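Let's learn to read a protein structure together, one feature at a time. Have a look at the picture first, then follow the conversation.

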Amino acid sequence: IMTWLDGESLGSRIVRDPALAAIRPQLADQCGRILARIHSIDLKASGLDQILATTTTAEFVEDTWARYRVLETPQPMIDFTARWLLKNLPDAPRTTLVHNDFRNGNLMIDITGIIGVSDWEIAHIGDPMRDLGWLCTNSWRFGQSRLPVGGFGDYDSLIAGYESGSGKRIERKHLGFWEVFGSFWWAIGCLSMA
């Protein structure tokens, strides 16, 4: 069921808009709780297991690296990072629905907080930590490096919200892997767009 939401996707304005100053400190916790809900969706009951691709972490790294190699524009740090990612794959994670682009620009926000999440076209079934790591990727901090969660919050708040909402523990190392992957994925995406 789709419902009209009266909010807007604010991208970088989330970290600067004075109208959001009161809610900003609560956004990382809200993101954690929202992601916990997304990741708890029953794939079989919803039928998503029949329409979404399942991607293992190793496949995601390999496929992304392959997209880069086709560009024939050597970037030593991308190759180094791909090798690092493949050597540091997280242990057999659980698989859930993954939004795959959960970040500032796809959050609908008003003065009460997050009211919606848009842009689901690259969702898949995979490691749920992908969503948390992507939100923490440096590109989405918009100059607010001291606040690693989207430039508006800290790791502890994001993790507390997620753990509270999901009942699942987050290992910082696992989250860190996906944060590194986020920069890797975005670097290749930017090269592709260029």
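A: One idea before we start: the axis of a helix is a line fitted to its C-alpha atoms, over the stretch in contact, and the angle between two axes runs from 0 to 180 degrees between N-to-C directions. Keep in mind, too, that this is a predicted model.

Q: Okay, so how do I describe two packed helices?

A: Two packed helices are described by the angle between their axes and the distance between the axes. Here, take helix α5 (residues 76-87) and helix α8 (residues 172-193): they pack at about 145°, and their axes are 10 Å apart. Their crossing is left-handed.

Q: Which residues of α5 and α8 make the contact?

A: From α5 you get Ile78, Thr81, Ala82, Trp84 and Leu85, and from α8 come Phe177, Val180, Phe181, Phe184, Ala187, Ile188 and Leu191. Sort that contact by class and you find 11 nonpolar residues, 1 polar and no charged ones.

Q: What about the largest nonpolar core, how many residues does it have?

A: A nonpolar core is a set of buried residues joined through side-chain atoms within 4.5 Å. The largest one here has 47 residues, and Cys31, Phe102, Leu132, Phe152, Leu158, Phe181 and Phe184 have the most contacts inside it. Among the elements giving two or more residues to this core are α1 (27-39), α4 (57-70), α5 and α8.

Q: Is cysteine 31 buried or exposed?

A: Buried means under 20% relative accessible area. Cysteine 31 has 0%, so it is buried. Leaving aside neighbours within four places in sequence, cysteine 31 touches Phe102, Leu107, Ile114, Leu135, Phe152 and Leu158.

Q: How many disulfides does a search of the whole structure find?

A: A disulfide needs two cysteine sulfur atoms within 2.5 Å. The search finds 0. For cysteine 31, the nearest cysteine sulfur belongs to cysteine 136, 9.1 Å away.

Q: Where is histidine 124, and is it buried or exposed?

A: Histidine 124 sits in strand β5 (residues 124-126). Its relative accessibility is 7%, so histidine 124 counts as buried. Its contacts beyond four places in sequence include Leu52, Phe60 and Val98.

Methods:
Residues are numbered from 1 along each chain as its sequence is written. This is a predicted model: local features need pLDDT of at least 70, side-chain atom pairs count only at pLDDT 80 or more; totals for chains, interfaces and linings use all residues. Side-chain values use heavy atoms; hydrogens and water are left out. Helices (H or I, at least four residues) and strands (E, at least two) are DSSP runs, numbered from the N terminus. A crossing is left-handed if the near helix is turned anticlockwise from the far one by less than a right angle, and right-handed if clockwise. Contact means heavy atoms within 4.5 Å. Ala, Val, Leu, Ile, Met, Phe, Trp, Tyr, Cys and Pro count as nonpolar, Asp, Glu, Lys and Arg as charged, and the others, Gly among them, as polar. Buried means under 20% relative accessible area, exposed over 50%, partly exposed in between (1.4 Å probe, protein chains only).
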